[in-house]
Amino acid sequence: DANGARLPSEDYFVGILGEHASPLRGNITAAMVQSINTKALVTLASVIRRPYLASPQIHVATISDVNYGAMKERCGIRAVIFDKDNTLTAPYDSVIHPDAALGLRNALDAFGQSHVAILSNSAGTMDDPGYKDAEMIEKALGVSVIRHNEKKPGGLREVLDHFGDIDEASQLCMVGDRLLTDIVFGNLYGMLTVHCDPLCKGAENRNDNKIASVIRTGENAALYGNWFGGRMVRKRTLPHALWPGEAECPLIISEGDANERIS
């Protein structure tokens, strides 16, 4: 860094490779093998130079801690994109996780079904023959899965094409549990970025890809840990073009805001 600050190492950012081959489990019966995320590899150099691309504007425990009504009415956001595994469901499952159910319902209530979608690096990609898993997820969750050939942090054109009436990426919100795919994708294109903690831990997370799980733990420790590099990166979090910030337009629901949580 130009200021002599110590940044996360290159080994840390190798995590941007994303999830590798793993069979789908739970209620998804088709086997899927994920190919290497070449877009992430290309973006790796940019993230090493600008690690703040992995720093979200908002960090919450679960997607149910976000005020989607305020996001739409007061913050200029017109559509919400969710990652799937460990954001909406347990890894490789198609059933909404109890801790995410309220958040998804509130997002659908606020934005409508046509302006809420899932962007996965497995379902809906070329790793999903005939888009069978995308279709299964759509039936189970009632949310469209965006079809895309380029994986996060790529795929912006296909996202905009999916919604049809959105021309500016700044009108989108990207929500996910992975800093180096979900959050980098959103920040690269000026979206509002919301990072949530992984839904599942311990035995509940047994179906997660082991490589992805280790990388996610490293990502979170590097950004949120109590060390100089993490604090420096967080201070450089990119502002959003339309959202004025948490102080002026609160989007995080506190434990006492029960009315907002069920609105």
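Just after helix H4, Gly112 adopts a positive phi of about 85°. The model is predicted, so local features require pLDDT of at least 70 and side-chain atom pairs count only at pLDDT 80 or more, while totals for chains, interfaces and linings use all residues. Residues are numbered from 1 along each chain as its sequence is written, and side-chain values use heavy atoms, with hydrogens and water left out.

H4 covers residues 98-111 and has 14 residues; helices (H or I, at least four residues) and strands (E, at least two) are DSSP runs numbered from the N terminus. From first to last C-alpha, H4 reaches 21 Å, close to the 20 Å expected at 1.5 Å a residue, the expected span being 1.5 Å times one less than the number of residues. Ala100, Gly103, Leu104, Asn106, Ala107, Ala110 and Phe111 of H4 are buried (under 20% relative accessible area; exposed is over 50%, partly exposed in between, with a 1.4 Å probe and protein chains only). Seen down the axis, these buried residues fall within an arc of 165°, so they line one face of H4; the arc is taken from the directions from the helix axis to the C-beta atoms. Pro98 and Asp109, on the other side of H4, are exposed.

Most residues other than glycine have a negative phi, and most peptide bonds are trans. Tyr92, in the loop between strand S2 (79-82) and H4, has a positive phi near 60° and is buried at 1% relative accessible area. Tyr131 has a positive phi near 55° and is partly exposed at 28% relative accessibility. The peptide bond from Lys152 to Pro153 is cis, with omega near 15°.
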